[in-house]
Amino acid sequence: MSSIHSETMRKHLKLYFIMGSINCQRHPVNVLSEAIAGGITLFQYREKGPGALMGQANLDLAKQLQKLCREHHIPFIVNDDISLAMAIGADGVHVGQDDESASVIRKKLGAHTIVGVSAHTFAEAQQAIQDGANYLGIGPIYPTQSKPDAKEVQGTGLIQELRTKGIDIPLVGIGGITVDNAAAVIKAGADGISVISAIANAASVRDAAASFI
Ligand code: 3NM
């Protein structure tokens, strides 16, 4: 069982910023700092893709970003890398369908750790809930440039389906979300939105984050 209350989780999910060094045109610490100033409510360190930092450099950047999040009371989630999350005492992890299940991760990291799972179908969502996920990431809602191996674009259909069928787990939409299309994701029943490029690539990271709020 997890000790994180669903209503607390929903609040954290409101504006969930995801980023790694390859998503940044400036130093990631500066980008995250501006995003926090703009009002993000949750952060995921996702150091993935060609040119991603490895080893000590990855660990060092994770610690720098975690420190910044701690200073601003923003929970710090690590994408996929359970060992990194354990090494630095992250607030949570986010995993995909090819990773270990939420129940196995929970055993490793403890009841207090936030565990998020990406789900692309109703069955995957049901399984993640059964395994004890704290929240689901549903996507890609719209076309995305940030994940080359993203599944087929699904619009807001799965979010609506989950809510219509009475599934009330905290969830976020992800993939191609911008200020212009974010409202539809919330309207469909999401508690929040996850964003990489619309914040990380913006001319003003702070203003971009603030505009979502
Ligand atoms: N996961 P952007 S889409 C990390 O569908 C990620 O599970 C997705 O980046 C999924 O906001 C995606 O730049 C990329 O489109 C989101």
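Author: Start with Pro140, which is found in the loop between β6 (135-138) and α7 (157-164). Keep in mind that this is a predicted model.

Reader: What kind of peptide bond joins Gly139 and Pro140, and what is omega there?

Author: The bond between Gly139 and Pro140 is cis, with omega about 0°.

Reader: Why does His73 count as exposed?

Author: His73 has 8 C-beta neighbours inside 10 Å. The cut-off for exposed is 12 or fewer. His73 therefore counts as exposed. The residue lies in the loop between α3 and β3 (76-79).

Reader: What is phi of His73?

Author: Phi is near 55°. That is a positive value in a residue other than glycine. Asp80 is a further case: its phi is positive, about 65°, although Asp80 is not a glycine.

Reader: Where does Asp80 lie, and why does Asp80 count as partly exposed?

Author: Asp80 lies in the loop between β3 and α4 (82-88). Inside 10 Å, Asp80 has 17 C-beta neighbours. Buried needs 20 or more, and exposed needs 12 or fewer. Asp80 falls in between, so it counts as partly exposed.

Reader: What makes Gly51 count as exposed?

Author: Gly51 has 8 C-beta neighbours inside 10 Å. Exposed means 12 or fewer, so Gly51 counts as exposed. Its place is in the loop between β2 and α3. Gly51 and Ile22 are 29 residues apart in sequence. In space, their C-alpha atoms are 6.8 Å apart.

Reader: And Lys187: why does Lys187 count as exposed?

Author: Lys187 has 11 C-beta neighbours inside 10 Å. The limit for exposed is 12, so Lys187 counts as exposed. Lys187 sits in helix α8 (residues 182-187). Gln160 is 27 residues from Lys187 along the chain, and their C-alpha atoms are separated by 8.9 Å.

Reader: Why is Ser2 called partly exposed?

Author: Ser2 has 17 other C-beta atoms within 10 Å.

Reader: Which residues is Ser2 in contact with, leaving aside its neighbours within four places in sequence?

Author: With those set aside, Ser2 is in contact with Arg106, Ala111, Gly132 and Asn134. Ser2 and Ser103 are 101 residues apart in sequence, yet 9.9 Å apart in space, C-alpha to C-alpha.

Reader: Which residues touch the most other members of the largest nonpolar core?

Author: They are Phe17, Ile193 and Ile199, out of 61 residues in that core. Strand β1 (residues 15-19) gives the most to this core, with five residues.

Reader: What is Ile193 in contact with, leaving aside its neighbours within four places in sequence?

Author: The residues are Leu15, Tyr16, Val172, Gly173, Ile177, Ala182, Val185 and Phe212.

Reader: Which residues of α2 are buried?

Author: Pro28, Val31, Leu32, Glu34, Ala35, Ile36 and Gly38 are buried in α2. The buried residues of α2 pack against β1, β2 (42-45), α3 (55-71), α9 (197-200) and α10. Just after α2, Gly39 takes a positive phi of about 115°.

Reader: How do α2 and α10 pack?

Author: Helix α2 (residues 28-38) and helix α10 (residues 205-212) pack at an angle of about 35°. Their axes are 7 Å apart. The crossing is right-handed. From α2, Val31, Glu34, Ala35, Ala37 and Gly38 take part. They meet Val205, Arg206, Asp207, Ala208, Ala209 and Ala210 in α10. The residues of this contact divide into seven nonpolar, one polar and three charged.

Technical notes
Residues numbered from 1 in each chain as written. Predicted model: local features only at pLDDT ≥ 70, side-chain atom pairs only at ≥ 80, totals over all residues. Axes fitted to C-alpha atoms, helices over the stretch in contact; angles between N-to-C directions. Helix = DSSP H or I, 4+ residues; strand = E, 2+ residues; numbered from the N terminus. Left-handed = near helix turned anticlockwise from the far one by under 90°. Contact = placed C-beta atoms within 7 Å. Nonpolar A, V, L, I, M, F, W, Y, C, P; charged D, E, K, R; others polar. Core = buried A, V, L, I, M, F, W, Y, C linked by C-beta atoms within 7 Å.
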